[in-house]
Every structure is written in structure tokens, then in C-alpha cells.
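Please consult the sequence and the three-dimensional view while reading.

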Amino acid sequence: MELTKQYRAVRAASEALAAPLSPEDCSLQSMEDASPVKWHLAHTSWFFETLVLETADPQTPAFEPAFRVLFNSYYEGLGEQFSRPRRGLLSRPGLDEVYAYRKHVDERILALLAEGLSPERQAVIELGLHHEQQHQELLLTDVKHALSFNPWRPAYRAAPPPETSPAPQLRWFDFDAMVREIGHGGEGFCFDNEHPRHRVFTEAFQLASRPVTNREYLEFMADGGYERPGPWLSEGWDRVQRERWTAPLYWEPGEDGWTTLTLSGRHPVELDAPVCHVSRYEADAFARWAGCRLPTEAEWETAAGGPIAGNFVESGALQPRPSPDLADRPAALFGDVWEWTSSAYGPYPGFRPYGGALGEYNGKFMSNQLVLRGGSCASPGSHLRASYRNFFHPHQRWQFSGVRLARDPA
């Protein structure tokens with residue numbers, strides 16, 4: 001019954017996120033890294049149809065055989081896929097048919113759950129729900145990117161008024177050198193890339209009490225941060241020059257200061273909120289300029305004890321908020337912005353991917369990407385944990401990605 005309740009809630013949440021959008025909005029694809037909302041809604045249903053329903057009853061006809069190709073993301077073991085950069089050309093099926101597809105899949109999955117499923121099939125459904133929660137965040141970040149090109153400046157939806165509390169003073173928390181364990185341990189869901197739990201040695205380090213704010217990032221910009229190569233990695237400086245970066249993504253200068261595009265429209269940059277939509281190159285350059293560095297993922301996870309609490313999608317803000325002031329531990333480690341680390345995304349010692357086609361879920365992307373930790377204001381809170389490893393290429397910045405500083409003790 002608990003899995004049935006979870007299934008209903010996650011599937012309903014996806015449709016609630018899409019509800020403010022028109023059919024035209026749901027068909028937009030603004031770049032290769034993004035996908036149309038309609039595709040996200042269909043692909044997450046394709047996952048359950050292909051990896052649960054087909055295996056449970058191979059004789060049952062598919063809702064639409066062509067969907068097997070149209071909505072296969074990257075599973076080579078499951079056959080052909082439609083070209084990712086061209087997903088925005090899929091004017092058909094229409095949005096109504098995609099919702100009919102979702103309803104069809106939901107009815108069949110819920111019937112299977114009512115009949116009773118093996119632990120193995122239940123595990124695949126649970127994986128599919130966490131997979132859908134990943135796509136819920138992508139739905140928001142992708143539609144934000146698509147709407148950013150519209151000169152009409154449309155809003156995704158109205159949001160609560162921004163919080164204007166000042167950011168707490170930056171402090172540093174000390175962590176001693178020692179052997180620690182990271183990775184998922186104990187009960188509860190996790191992805192295969194969070195396994196196995198293993199020992200790591202970390203030297204003594206200090207971690208900032210909160211993420212870097214827009215106010216602090218503006219100081220970097222005012223000091224010529226985007227105008228001189230000194231603090232930049234070579235590839236990052238090449239990207240700055242080639243793409244003419246002068247500020248975080250979505251920022252624009254105005255007569256009264258910088259504004260930024262949010263999911264509720266364009267607003268003045270909230271100076272005390274965490275800076276977001278910065279690439280790993282920008283995060284690293286800021287850290288070097290500040291005389292600091294980015295934390296490793298082991299350092300980040302070491303500091304992430306305590307409750308999974310923060311500004312998640314459930315708050316409705318859909319934008320980073322000023323961090324609280326916590327006396328005993330770093331604030332906002334979860335929610336607000338994904339925090340870039342200096343760690344390459346790779347396998348943990350003894351890593352074993354899922355079996356079968358699901359083995360393509362994480363392992364084959366362990367190349368040329370960097371790890372981010374903590375979740376964002378667009379992440380479902382129930383989806384996160386201290387061992388969760390997100391990963392993106394260092395130039396990407398359309399996600400709600402930000403900066404937390406680390407440094408070596410003096």
C-alpha cells in the first residue's frame with residue numbers, strides 16, 4: 001500500500017508541475033541538453049511501460065508501438081531512440097494523447113500493485129518513481145530555459161513574494177583529518193552510483209557555513225571576474241570568451257541594477273540569496289578569486305549530517321532563498337542550489353551497476369562530468385539524501401547550481 005500511495009503522489013506531482021503550461025509551452029525545446037515538457041511526461045511513462053509492464057506481461061499490446069522509439073532516452077539495450085536534439089520537432093503525439101498514455105500506464109501499474117508484485121518488480125517501480133522525480137526537476141529547469149528566449153518575458157506561474165532576510169555572516173566549520181565512510185548505508189532507496197559505502201581519508205578542512213550569495217558574487221564581477229583569465233581554468237576561460245559570459249545565466253543589467261529571470265518572471269537579483277545558474281567553471285573561478293576552493297564530494301558528505309531539510313520544490317518558491325543561520329552545522333546543505341564539488345563523477349570502489357538495461361542508468365555517464373550535491377529549490381525533498389550524487393558537465397549552468405566554499409586550515 002505504501003508503494004501505491006507513493007506512485008500516485010509522484011505521478012500526480014508531475015502533472016501538477018505541467019498544469020500551468022499551455023500545449024505550446026509543453027512542446028518547446030530550447031537546446032540539446034533540454035527536453036520538451038511533453039517529452040518528460042511521456043518518457044517517465046515509457047519507463048514504467050517498458051521496464052515494468054512489458055516484463056510482467058509481454059503479451060499485452062503497447063499503448064502505441066511507436067512510443068517505444070520516440071520516448072526511449074538513451075537505453076541502447078532497449079532499441080532505437082529518436083534523436084535527442086530533435087525532440088522539439090515531435091508535434092505529435094499531442095499533449096492530450098500523452099496524458100492518455102500516462103492514464104493508461106497508471107491504470108495498469110496500479111492494477112499490478114493491487115494484485116501483488118515480487119520484491120524485484122517493486123524495486124523497479126521505486127526506481128522509476130525516483131527517476132520521475134529527477135524529471136520533475138528537469139521539467140522546471142528546461143521550461144525556464146525555453147521561456148527565457150521569449151521577449152514577452154512570460155512567467156511559468158506566480159510565486160510567493162521573495163524572502164528579504166539578510167544572509168547570515170559567513171563562518172567556517174572545522175573538520176579534522178580522519179578516515180570516514182561515505183556512500184549509502186542502511187535502509188531506504190538509493191541509486192546504484194551511491195554504492196558501495198566505503199572508507200575515504202580526508203585531510204583537515206574547513207567548510208563555509210552557507211552558500212555564496214549574489215552579493216558576494218557581484219563583488220567578484222566588479223573586480224573583473226569575467227574580464228581577466230587569472231582565476232579561471234583554461235577551458236573555463238575559453239568558454240567565457242567564446243560564449244561572452246559576463247554574469248550568471250539569466251542575469252541582465254538594468255538602470256537599477258541586475259535582474260534575473262525566475263520562474264515567476266524577471267525580478268531584481270535578491271542580493272542575500274544564494275547565487276545560482278553558474279557553471280562549474282564559474283564556481284571554481286569564484287573560489288580561486290576568494291582564496292578558497294570547492295569541496296570534494298567526500299568533504300561535502302562528511303558535513304551533511306542532520307535532517308534533510310531546506311527550500312525544495314514543495315515550498316513553491318522555485319527560487320533560492322536566503323540561508324538560515326545555524327550555530328551547530330553548515331546551513332542550506334540541502335535545497336536552494338546544487339553545490340558544485342571538485343570531484344569527478346566516477347565509480348566508487350567496488351561499484352556494481354544495476355542488472356540488464358537498467359545498468360545504463362548511471363554507470364555509462366561516468367566520464368567528463370563533475371559531481372554536485374545537496375539538491376535545489378526545484379528538487380522534491382523526498383528524493384534527496386546525504387549520499388545523493390548529481391552530475392553535469394562543467395560548462396552547464398541551466399540547472400539551479402551554486403557554490404559553497406571550502407579551504408584548507410591555515
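## Strands and sheets

Two strands are said to pair if DSSP finds at least two bridges between them. Helices (H or I, at least four residues) and strands (E, at least two) are DSSP runs, numbered from the N terminus. The structure is a predicted model, in which local features need pLDDT of at least 70 and side-chain atom pairs count only at pLDDT 80 or more, while totals for chains, interfaces and linings use all residues. Residues are numbered from 1 along each chain as its sequence is written, and side-chain values use heavy atoms, with hydrogens and water left out.

Strands E1 and E4 (residues 205–208) pair in the antiparallel sense over four bridges. Within this pairing, Asp-174 stands opposite Gln-206 of E4. Both strands belong to an open sheet of three strands with antiparallel pairing, in the order E1-E4-E12. Its edge strands, each pairing on one side only, are E1 (172–175) and E12 (406–407).

E8 and E9 run antiparallel and are joined by three bridges; Trp-340 has Leu-372 in E9 as its bridge partner.

## Helix H8

Buried denotes under 20% relative accessible area, exposed over 50%, and partly exposed in between (1.4 Å probe, protein chains only). Helix H8 spans residues 280–289, and because eight of its ten residues are buried, the helix is largely enclosed by the rest of the structure. The buried residues are Arg-280, Tyr-281, Glu-282, Ala-283, Asp-284, Ala-285, Phe-286 and Ala-287. Their cover includes helices H6 (214–222) and H7 (234–243), together with strands E8 (338–344), E9 (370–373) and E11 (401–402).

At the start of H8, a side-chain oxygen of Ser-279 lies within 3.3 Å of the backbone nitrogen of Tyr-281. Just after the helix, Gly-291 adopts a positive phi of about 75°.

## His-135 in helix H5

His-135 is located in helix H5. This residue counts as buried because its relative accessibility is 12%. Contact is defined as heavy atoms within 4.5 Å. Apart from neighbours within four places in sequence, His-135 is in contact with Trp-39, His-40, His-43 and Thr-44.

## Pocket and cavities

On a 1 Å grid over the protein atoms alone, a cavity is a set of points where a 1.4 Å probe fits but cannot get out, and a pocket is an open set with protein on both sides within 12 Å along at least five of seven lines; lining residues have an atom within 4 Å of a point. Grid points are joined across faces, edges and corners, and a volume is the space filled by probe spheres set on the points.

The largest pocket has a volume of about 800 Å³. It is lined by 31 residues, of which Tyr-74, Arg-84, Leu-138, Phe-391 and Phe-392 are the closest to its centre. Helix H2 (37–56), helix H5 (119–147) and strand E10 (390–392) each supply at least two lining residues, and the largest share, six residues, comes from H5.

Three cavities of 30 Å³ or more are counted. The largest cavity, with a volume of about 40 Å³, is lined by Pro-36, Lys-38, Trp-39, Phe-71, Arg-87, Leu-90 and Pro-93.

How values were computed: A polar contact is a pair of N or O atoms within 3.5 Å; within protein, one must be able to donate a hydrogen and the other to accept it, and residues adjacent in sequence count only if both atoms are side-chain atoms.
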